[in-house]
Amino acid sequence: MVSGRGRVRPLDPGELLAAARAGAGAQAEDSGSFRFLPELELLVESVNAESRLTASGRAAVHDRLVAALTHQRRLSALLKASPEISSTAIARPVFIAGLPGSGASLLQNLLVEHPQVDSPVLWELLDPASPGTEYRHRRTLIERARTCVDRSRESAPKLKLGRLREATRPGGCHRLLANAFQSPMFGVGLRVPRYLRWLEDRELTEAYSFHREQLQAVTARIPAATLLLRDPFHAAYVGGLLRAYPDARVIRVQRDLAQVADATAGLSATLRAATSTGVDAREVGREWSGHLERHLARADDAAGALEPGRLLDVRHVDLVADPAGVVRRVMGFLEVEPVPAVMQNVRGLARSAYGI
């Protein structure tokens, strides 16, 4: 793991592929080649050159990338065994885009209180190619997700993860894009400015197509009337998103740039400190201030690709001041009825989770 001079040995894409082959199992052995290898190589190159990983951080990143490769092969095997999954309809999905600290996670959790609105939960997103239909198998996956949350709390206690970050609560679908090695969330947890700048010029068309394949595997076993997804950075990639989901609708949760920059930089510095050395909070702040300015400019340009009635903007200040009122307005956008019992649940969850 560590060289003679005490430096951490660089990650090797070949070793990652070998580990994924060894761990994929016989079911996935003949499922086809790995995907998105140029993107993997670029990400690994940036990690090796810029991330300053510790030995334990290298192990964590190694395992994360191997898991993504394994998910690719397992999904291919699943689709080969059950080709009907590729025909699973995903009609008019809704994508929430809101930078860290914007309240996007809160909004997602409040909306899924409605029985006609559904989001993939954390245990599903951590293993999208799993059949997950048998009770014992599902329980194993849930326990694995709980372990993941517990490790996050241990490695980054400053994050103070609340009750909305649980194995059975809605998760962020950046995990599906990460399985294609194309997600700005890699840059939140790791110092990879070269990789982030490369992503800024991409449409992520193929990544969103793969996102859809994974989502079909999840929803084939748990159908939803209105499917709700969330990623902090969806808004800048609406072009690629619409190619995969032509009838998608988008909700942007907006907050003052200085506030989201502070929240994003704080989150990034905390996560990077768990895997890297020499984390400079001021450097992280400068990095994210520039990236978020470009992200928001691109998001405004991308919004023009959406037809009237398919984009809704929500302000963080309104969500905090009147969560039930905002949820009622968003439910109108989703075309679901805000019945009294659901709104009572919304108010209770907002109070218990955020004290609002």
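Predicted model: local features only at pLDDT ≥ 70, side-chain atom pairs only at ≥ 80, totals over all residues.
Let's begin with helix packing. Two packed helices are described by the angle between their axes and the distance between the axes. I have two pairs to show.

Helix α3 covers residues 55-81, and helix α10 covers residues 205-219. They pack at about 60°, and their axes are 11 Å apart. That angle makes α3 oblique to α10. The oblique class takes in what is left once the parallel, antiparallel and perpendicular ranges are set aside, and the perpendicular range starts at 65 degrees. The crossing of α3 past α10 is left-handed.

Which residues make the contact of α3 and α10? From α3 we have Q72, L75, L78 and L79. From α10 we have F210, E213, Q214 and A217. By class, that contact has five nonpolar residues, two polar and one charged.

The second pair is α12 and α13. Helix α12 is residues 257-273, and helix α13 is residues 281-302. Here the angle is about 130°, with 9 Å between the axes. So α12 and α13 are oblique to each other too. The handedness is right-handed for α12 passing α13.

Now the contact list for that pair. On the α12 side, the residues are L257, V260, A261, T264, A265, S268, A269 and R272. On the α13 side, they are V284, G285, E287, W288, S289, L292, E293 and L296. Sorted by class, the contact of α12 with α13 holds nine nonpolar, four polar and three charged residues.

Next, aromatics. How many aromatic pairs does the structure hold? Five. I'll take two of them.

Start with F186 and Y195. Their ring centres are 6.0 Å apart, and the ring planes sit at 85°. Planes over 60 degrees apart count as edge-to-face, so that is what this pair is. Both F186 and Y195 are buried. For Y195, the relative accessible area is 0%.

Then there is Y195 with W198. That pair is tilted, with 5.9 Å centre to centre and 35° between the planes. Y195 and W198 both belong to helix α9, residues 193-200. They are three residues apart there, so about one helical turn separates them.

On to the backbone. Most residues other than glycine have a negative phi. I'd flag two residues here.

One is F36. Its phi is near 60°, a positive value in a residue that is not glycine. F36 lies in the loop between α1 (13-24) and α2 (37-50). Is F36 buried or exposed? F36 counts as buried, at 12% relative accessibility.

The other is R92. Its phi is near 50°, again positive in a residue other than glycine. R92 is placed in the loop between α3 and β1 (94-97). R92 is partly exposed, with a relative accessible area of 35%.

T205 first. T205 lies in helix α10. T205 is partly exposed, at 25% relative accessible area. What does T205 touch, leaving out residues up to four places away in sequence? G240 and R243. For a sense of distance, T205 and G103 are 102 residues apart in sequence and 27 Å apart in space, C-alpha to C-alpha.

Now E200, which sits in helix α9. E200 counts as buried, at 12% relative accessibility. Beyond residues up to four places away in sequence, E200 touches Y237, H291, R294 and R298. E200 and P184 are 16 residues apart along the chain, and their C-alpha atoms are separated by 8.8 Å.

That brings us to R298, one of the contacts of E200. R298 is in helix α13. R298 is buried, with a relative accessible area of 18%; the cut-off for buried is under 20%. Setting aside neighbours within four places in sequence, R298 is in contact with L199, E200, D201, R202, E203, A236 and Y237. Note Y237: E200 touches Y237, and R298 is in contact with Y237 as well.

That's my tour. Happy to take questions.

Methods
Residues numbered from 1 in each chain as written. Heavy atoms only, no water. Axes fitted to C-alpha atoms, helices over the stretch in contact; angles between N-to-C directions. Helix = DSSP H or I, 4+ residues; strand = E, 2+ residues; numbered from the N terminus. Parallel < 35°, antiparallel > 145°, perpendicular 65-115°, else oblique. Left-handed = near helix turned anticlockwise from the far one by under 90°. Contact = heavy atoms within 4.5 Å. Nonpolar A, V, L, I, M, F, W, Y, C, P; charged D, E, K, R; others polar. Phe/Tyr/Trp six-rings, centres within 6.5 Å; stacked < 30°, edge-to-face > 60°. Buried < 20%, exposed > 50% of the residue type's maximum accessible area, 1.4 Å probe, protein only.
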